[in-house]
Amino acid sequence: MSAPLTLRNVFWAATSLGEVVLIFYLIHRRLVRSHLWLSLYFCCTVIQSALGVITYSLLDFGSAATRDIIWSSQAVVITMRFSAVCEMARRILARYVGIWALAQRVLLIVAAGVLSYAAVFSEKRLSLMILTVDRGAELAIASFIVGLLLFARYYLLEIDPLDRALAIGFGLYSCFYVINDSLLEKWMEPYVGFWGFMDVITFLASLLIWIQAVRAYAPALEFVTFRSTSSDRYGALSAEVNVRLRLLNDQLAQLLRSESTRP
Amino acid sequence: MNLAPLFFIFAALVLLGLLAYAVRPIEKRVLSPDSVFEALSGPRHSFRLPQILQSLQPSDTEFLERRGLRSLRQRVRSERTQIAIRYLNHLESDYETLLEASRILAVMSPEVVPMQEFERLRLSVRFAKNCFLMRLRLRAGLAPWKGFTTISDMTTTMSFRMESATSQIGLQSALAADRASFMKERGSGGR
């Protein structure tokens, strides 16, 4: 087990470095204000890594105190991640007022539903309870992201490449986290070290996607949206489409009437 | 045996699949509102429905059989089936245009009615299913009369829904304009 542990520490250090690099890019590209929760999330992950190093060096790996500290920090990090995902959803959808109002309700219901479903169908053993909650939260976040992207796709909404890359990173990480946790519960309980290693690898992969996105994509400029049209134009457009639809509808009704007279 | 981990793995894999689908670039060209409304004013394929239905009736080609031209009848029917399939493709395209227009309206609207949106989603799924079944029926040489009527009904329903949606948007924008002018008048009167 020592080899994976050593390798895990190397990758752990790499993820911490990646987080710092990402925070640097967020500041350098002046994205902190528009991506506040994302920035706070990465700050939390850096603090969590530092806390992990201190805890593991001072306390016993399997002690109750270590477990409490690490899992408490994990709860904070997951909450921050969910906040960053909500912030991303707002950035993508908030400029479409009607769609955003609908999406808020649907996505939160989906996330809450998945979380409840996960709680009901999970293992009730106390030792696995934290893992279960953690996994349920990740599944809820993944559902929220996938729902958000499907929403945007259905309504053919424009998504800024940076937000798209962030969503992919968050989605992939959450999905693989769920798979990883489930494998641990089912088959890999004796290989906790390897599970931790896989977790770090998954996070590192997502981190690389995010770094590349923040480094490469320019911050979104103002999108040209239909909302920017005046209410007069808006009214005129809707009146025009009304007339054309009525014509189409009359045509179809006429056809159906003629069809019904057939033998 | 605890199946929960397997359920979670399955759910995560499904989500990964949906994620891959959702992030694919949109193949369809996103039309501007003006071009969608322009497309709506163009000739509709649905107005050829009676001719298509007539041509698919067995009675329409029976005289060929009576005259002993069985192979010609088969060829005519096969060609007409191909025309009906192409008609179905055009009908689908008409429906897509309507859907796109409805999406643009939803995007523009300051308020979206969830039930209408879900109803539209449900209608679209049903429309896609019926088109698929219709194609199967046509290729199998079965009578498609009933199916065509269902599909046409759905297009009509969609038009009704669109009309109701656009009326609401028009009303809202008119109210907003009235409110804005009222506020403006009040503001200028107060000074």
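A: Start with the accessible surface. Accessible areas come from the Shrake-Rupley method with a 1.4 Å probe. For chain A, the accessible surface comes to about 12,800 Å². Carbon and sulfur atoms hold 69% of that area. Keep in mind that this is a predicted model.

Q: What share of the residues in chain A is buried?

A: A residue counts as buried under 20% relative accessible area. In chain A, 48% of the 263 residues are buried.

Q: How many helices and strands does chain A have?

A: Chain A has eight helices and zero strands. Along the sequence, the pattern reads α-α-α-α-α-α-α-α.

Q: Now the charged side chains. How many salt bridges are there over all chains?

A: Side chains of opposite charge can pair when their charged atoms come close. The cut-off for a salt bridge is a nitrogen within 4 Å of a carboxyl oxygen. A search of the whole structure finds five salt bridges.

Q: Which side chain does A:Asp68 meet in a salt bridge?

A: A:Asp68 pairs with A:Arg67, at 3.6 Å from N to O. A:Asp68 has a relative accessible area of 41%, so it is partly exposed. A:Arg67 is also partly exposed, at 45%.

Q: Where do A:Arg91 and A:Glu87 sit in the helix?

A: Both belong to helix α3 of chain A, residues 64-93. They are four residues apart, so about one helical turn separates them. A:Arg91 forms a salt bridge with A:Glu87, and the closest N and O atoms are 3.6 Å apart.

Q: Are A:Arg91 and A:Glu87 buried or exposed?

A: A:Arg91 is buried, and A:Glu87 is buried too.

Q: Which residue forms a salt bridge with B:Arg75?

A: The partner is B:Glu79, with the closest N and O atoms 3.9 Å apart. Both lie in helix α5 of chain B, residues 70-108. They are four residues apart, about one turn of the helix. B:Arg75 has 54% relative accessibility, so it counts as exposed. B:Glu79 is partly exposed, with a relative accessible area of 45%.

Q: Which residues do salt bridges with shared partners join into one network?

A: The network consists of A:Glu87, A:Arg91 and A:Asp163.

Terms used
Residues are numbered from 1 along each chain as its sequence is written. Chains are lettered from A and ligands numbered from 1 in the order in which they are written. This is a predicted model: local features need pLDDT of at least 70, side-chain atom pairs count only at pLDDT 80 or more; totals for chains, interfaces and linings use all residues. Side-chain values use heavy atoms; hydrogens and water are left out. Buried means under 20% relative accessible area, exposed over 50%, partly exposed in between (1.4 Å probe, protein chains only). Helices (H or I, at least four residues) and strands (E, at least two) are DSSP runs, numbered from the N terminus.
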